[in-house]
Amino acid sequence: MSETRTIAAALVSSLPFPAVLVEQAGRIIIANSPALALFPGLRAGLPLALSLRAPDVLDAMARARQDGSGHHVLWQERVPLERVFDVHVAPVSGLSGDPFLVLAFRDLTAERRVERMRVDFVANASHELRTPLASLIGFIDTLQGAARDDSVARERFLGLMHEQARRMARLVDDLLSLSQIEQTLHLQPADKVDLADVVGYIADTLSSMAEERSVTLKLALAEDVQVPGERDELARVAENLIENAIKYGGEGGEVYVDVAREGRQALLSVRDKGPGIAPEHLPRLTERFYRVDVGQSRSKGGTGLGLAIVKHIVARHRGRLEIDSAPGEGASFSVLLPLFANGAG
Ligand code: ADP
């Protein structure tokens, strides 16, 4: 290797982002380790075109060779994974000996995904709010017009309006909770919380809802399961999971709520014997606004945000949420949390 080539190769290999040094003719001189992590097929000595099926990138290389200046191209890879890169192709000028090209890659995939999620989220939230709002406006119009002097209709409409307004309030509350938890996601809560105590309290507050649906809550709460946490947030987790099991677990069924130690972790498990959830839905249940059956969720007062809130709270507590279900065999939601360590937290 000529000296300039050795220096250029050493520089490229020390860069912290994916970069490849290529001869004018298109043969790879070196691909640094971030580049190899992204594209394991890159080999020194082989033409770049053999391992990157990216006509736009090859075009940019040709243009850089011709005009001696740098070029940006967006390169979208579809297989094996969908990924998007911003590729900067620049000739290395001012060196003696062979001229080279440097290709620098910036992976935009995660950025794009976040952006798409944000756009979807705003669209979903607006849609969810617009539906009850449209029906409220409709009822107000009717009360001001056709039903103006009909006291029976008025009572009925006011009841329906109340229900729609409560739905909007629930949605706004859930949206605010989500954004609050998101803002503090990086701060692990450290108070000493007795998990059985929190879960027992929530089960009590939900006992009348269970009774209305003839659901029996079966509690098995081990004592002295302490976790570092924020009591209100852990209560929210228990509330969402037990409420879901009551709502979706089938009228007249049983819901099992356990708190236990499992090795070095605390376990909260909520199981029902209801219709369960088909496997294709399981990975998406914790997405905002994802419901297996939108009509059913709405009719039960759901916002589609409960499990997203649970997931965020569990993540903030450095725990894990596991969901198991088979259609016809009920659903099981397990939250595993680190135990409180004396002196640590
Ligand atoms: P929702 O407000 O709709 O209840 P969640 O985020 O709490 O929103 O739950 C998302 C969806 O997951 C629900 O709409 C329902 O389809 C499904 N789900 C949650 N818990 C259960 C369960 N115990 N059994 C069956 N389906 C469930």
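This short talk walks through the ligand site of one predicted model.

Some ground rules. Residues count from 1 along each chain as its sequence is written, and side-chain values use heavy atoms, without hydrogens or water. Because this is a predicted model, local features need pLDDT of at least 70 and side-chain atom pairs count only at pLDDT 80 or more, while totals for chains, interfaces and linings use all residues.

Start with the chain. The domain assignment, automatic or from a database, gives domain 1 (3-107), domain 2 (109-183) and domain 3 (187-345). The centres of domain 1 and domain 3 are 50 Å apart, taken over C-alpha atoms.

Now the ligand. How many residues surround the ligand? There are 19, counting those with a heavy atom within 4 Å. Among the closest are Tyr248 and Leu307.

Next, polar contacts, meaning pairs of N or O atoms within 3.5 Å. Ser297 puts a polar side-chain atom 2.6 Å from a ligand oxygen. Thr303 uses a backbone N or O atom, at 2.7 Å from a ligand oxygen. Gly306 also uses a backbone N or O atom, at 3.3 Å. Alone, the ligand exposes 530 Å², and the protein buries 96% of that. Those areas use the Shrake-Rupley method with a 1.4 Å probe.

Which elements give two or more residues to the shell? They are α9 (231-248), α11 (306-316) and β12 (331-338). Helices are DSSP runs of H or I, at least four residues; strands are E, at least two. α9 gives the most, 4 residues.

Notes:
A polar contact is a pair of N or O atoms within 3.5 Å; within protein, one must be able to donate a hydrogen and the other to accept it, and residues adjacent in sequence count only if both atoms are side-chain atoms.
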